[in-house]
Structures are given as C-alpha cells and as structure tokens.
Amino acid sequence: MQGRKNFKDERELRFSLSAHVPEHNFYRRLKDRIDLSFLYELTAPYYGKCGQQSIDPVVFFKLCLVSYLENIVSDRKLIEHCSLRLDLLYFLDYQLDEPLPWHSTVSRTRKLYPERLFETLFDKVFSLCVEQGMVSGSVQAIDSAPIKANASMESLLLKQPQETGQLYLTAPLHDVQHPKNNQPTQLITAPAHQLRKLKKHQQNLKSTPTALGANHEKAQLVSNKTHYAPHDPDARISVKPGKARKLNYHCSMAVDTAQGVISHIQADFADGRDSQYLPDLTEQVQSRLLTHGLLMQDLLADAGYSNGSNYYFLELRGITAWIPVFGMYKPEINGFPYDKKADQFSCPMGKALQFKSFDHTPDGRLLKHYWAAPSDCRQCPSKPTCAPKTRCRKITRTAYDEHYQRAFARQHSKQGNRMKKLRQSTIEPVFGSLVQHYGLRKINVLGKSGAHKVMLLAAVAFNLKKYMKSKPARAISMAQVLEKEVSLSTILRFFSAIQRNLPKLV
C-alpha cells in the first residue's frame, strides 16, 4: 500500500536539540572542548549597568567563528544559515523557537569590541594548540598577501592640496561628497608638488602614442600619494604584476612549520613593502612563543623580505634568516676584489678604492660609498670605459654586505633548498585555505582595525579546525622502545665495546 505523509504544523512541540545532534558532529565536539566563558569578564567594561541587555559576548564570538568556519562573510546570511541548522543552534545555546540576534547587532558589536579582545581569543586558541603538541616554535614561516578591501577604484577622490585648501586638478573622479549618501566627506590633503607632478606625468603619457590607453579621455594615473577612497580611507592601492590595480589590505602571517598552525596574523596598509613589516612581525611571534616556553630559531620567508637591516635584526636575536637575497644583489664585483681588513676595493690596475662615506636611499637603506683617487683615474688608460662620465671610479655597496653574503651562502646550500620547499609547503597552502574556505577573499568591513579583526577571526577558525582534527601524541616509555627494537644481547655487546675502548679514550 502506498504511503502518504501529511504535514501538520504543531504550535506546541517537545523537542530536545541535544538528542538530535549526533555525538560525532563537529560543532557538538567543539562546544565540549572549548570554553569561552572568560569573555564575560573581558567584555564587562564595554557595557553599562542599566538599560536593555546586549547580545551575549560568548554568542557573538561563536557566531563569528561559525561565519568563518562556514565561509559566510555576510552577517545577514549568517543569521539565516544558523536558524536552519540544528547543530549550529545547539552550539549557540539557542532553542528552535528562540529568535537569533539581528544581523545589525552583530555588526555593531564587532565595532564595539577592540582589537585586543580578538587577539586574546586568538591567543587562547593558540595555547590550546600548544598544549596539544601541535606547535614546535623553532621554525616559523612568514608571508603576506593582498586582501580585497570593501572599496572601489571608481570611487577614488583626489587629495586636496595643503597649500591652497582647494582641489588642484579640475577633473576629479567624483564630486567631493560621499557617493552613496551625498554627505560631505573629510578631505585628505597631499603636498601640491605631488599633484603637479602627477598632472605633468599624465600629460606626458597622453602625448606618447605608444602608451596603451593613454589617449582615452578617461585615462588617469591614480596613486596613494594623490588619491584616496572616501568610503574606506585606510584601503590602499596595490599593484601586483599581471593583475589590475585594486584597493587592498596587506595581510601578514606567520605559520609554525610543525603542523601548520598560524602563530600570528595582522593587517597592514597595502602600500608598504613586505620587508618593512618583518621586524614587528618577528617580535610579535617571538613574544607569543616565549609565553609558552618556546623559542624561534629559524625564520623562513621569500625574497620580498630581503633587506640588510632585516638580516642584521634577526642575527642580533639569534634567529637564522632563510630569506633569499633579491635578484639585483651581486656578492662580488668582477675585477674589483674586496679587502675586508682595509675596507677597500682594488681596481684591475691595482689602485685602491677607499671607503669615503655613508648614505641613505629614499626608502631608508644604508649605503657605503667607495671612491678611487681622481689622480689615479686621470692617468689610467681604462678610464674611458671604466668611468667615462665621472672624475673617478665609484662603487656603492650596502652597509650590510656581510649579512647579505651569509644569507646568499645559506640560500645556495642544500639546507637552503630544503627550507625553501618547507616554506612553500607550509604557508602557501594556509593562505590558499584562508582565501578559499575561511572568508578572506574580501574584507567586508571598513578600516584597518576592522580588517585586523576579520583576519584574526579567520585565523582562529583555521586553528580550531586543526585543533579538532589533531590527536595528542601518545607517550611511549623508553622501556617499551628497548623491548621492541633492541634486544638484551645487543645492549650487552654495546657496553662491552665501551669497556674495551675506555683506556684508548682516556
């Protein structure tokens, strides 16, 4: 006989969530293994003692974790998704007929809490990974990637000159009003000489027929020095070879190479170089490791972090830098051998190029200048080819040349190749996972502080997933190892050999 199911919506229903969520469910196991009650004390100063009750701080952070574990970046979709899942309701301590918080409440609470609170949650989860034996601490890999900001290149405005207080160019990208609500925005100023330089450069490009798209009427050169995003002024224009210009944030991250646990993550401005963020990143990682009794000994990074001051910084702290030297560096100059003791070079004609002075590049790099004597070069027959446009031959080297030499030697060693493969197999998959599966494809909040919170929550979700999958290593006693692998006769032969060779050793 054919069956037919008739549905009748009952207003009163006895239902137990715990009975309908399996024991092996991820969120049920996560609820049993992680305790977030410490958040009540930390969030108490941000609320008054009267008025309407706020969202439960533990519920808020659980919602945030679900957001990145489920790869949902919209607060509205997050609430809708949680209302349809029994295991998520059980994880949040909500009943079937109990309404979840409004999505706007989640957004406002995220703005209310400071970055330090999110960092405390990250430290808590990281400590759980340390206790599980998932973190060694000795070898750390660092890398960075641009993350799309919640701002459009079409909304860029030209900065206001400081001297005149008016817009310099007559054709800004948009009116000086917020593109959505038509409210006046805070104008960001820039030196007038930078704006004049931009205008002249644009005119040169339009007058060059070989420049692709230069003759287009809307063609403009945008730069962080001259333009800003009124919707999110902290977003910066970043350029990656082979990709279009976008407004991004800079995500810097450190990963422990033992089991791929994220040991640090931070948001920075996208117009900075990787190398300038390394000192602060290293100190943050080292400080977190020291609180757990761990010590970083090796640091793995790509050539973007290559910098003489960085090599010097790491050597002072006893950290071996496995950072490839950038491609323009030359360990030696052909035909000009260097005398380390005298700190001078020698030209092919046997004349000395002595150290003269220090100098700094516009980006802060320290240089050393070596000059030959003008009288020596004036009488030299090789001057037309060696120094055709100057009075004497000059050599400019970095002041950290010895540190570059050691890094260059490590880079071309066998261990350097192993460290390179270790870095590629450790941190690059982590970045890929965060972007594809943990909500870091785009930053949906505004401001550098909000971007930092988003990155911290994504890293917490990633570490929690690894923590739930990991099993504590079983301790094996030495007696069991000897019983399984070493026989008694082997041990006796070992001690007899020591007795025979003891007089020779003495």
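Helix 5 (residues 75-83) and helix 7 (residues 103-112) cross at roughly 125°, and their axes come within 8 Å. Angles from 65 to 115 degrees count as roughly perpendicular and those over 145 as roughly antiparallel. That makes helix 5 oblique to helix 7. The crossing of the two is right-handed. Helix 5 brings Asp-75, Arg-76 and Ile-79 to the contact. Helix 7 answers with His-103, Val-106, Ser-107 and Arg-110. By class, this contact of helix 5 with helix 7 holds three charged, two polar and two nonpolar residues. All of this is read from a predicted model.

On helix 2, the contact is made by Phe-26, Tyr-27, Leu-30 and Lys-31. On helix 4, it is made by Lys-62, Val-66 and Leu-69. The contact of helix 2 with helix 4 has five nonpolar residues and two charged ones, with no polar residue.

Helix 4 has another partner to follow. The axes of helix 4 and helix 16 (residues 447-469) come within 9 Å and cross at roughly 75°. That makes helix 4 roughly perpendicular to helix 16. From helix 4, the contact takes Phe-61, Cys-64, Leu-65, Tyr-68 and Leu-69. From helix 16 come Val-454, Leu-457, Ala-458, Val-460, Ala-461, Leu-464 and Lys-465. The contact of helix 4 with helix 16 counts 11 nonpolar residues, one charged and no polar. Leu-69 of helix 4 touches helix 2, and Leu-69 also takes part in the contact with helix 16.

The largest pocket has a volume of about 810 Å³. Its lining is made of 26 residues. Ala-145, Pro-146, Ser-238, Lys-240 and Asn-248 lie nearest the centre of this pocket. Which elements each supply at least two residues of the lining? They are strand 1 (139-148), strand 6 (236-238), strand 7 (246-256) and helix 15 (414-437). Strand 1 gives the most, with five residues. By class, the lining of the largest pocket divides into 12 nonpolar, seven polar and seven charged residues.

Technical notes
Residues numbered from 1 in each chain as written. Predicted model: local features only at pLDDT ≥ 70, side-chain atom pairs only at ≥ 80, totals over all residues. Heavy atoms only, no water. 1 Å grid on protein atoms, 1.4 Å probe; cavity = no way out; pocket = protein on both sides within 12 Å on 5 of 7 lines; lining within 4 Å. Points joined across faces, edges and corners; volume = space filled by probe spheres on them. Helix = DSSP H or I, 4+ residues; strand = E, 2+ residues; numbered from the N terminus. Nonpolar A, V, L, I, M, F, W, Y, C, P; charged D, E, K, R; others polar. Axes fitted to C-alpha atoms, helices over the stretch in contact; angles between N-to-C directions. Parallel < 35°, antiparallel > 145°, perpendicular 65-115°, else oblique. Left-handed = near helix turned anticlockwise from the far one by under 90°. Contact = heavy atoms within 4.5 Å.
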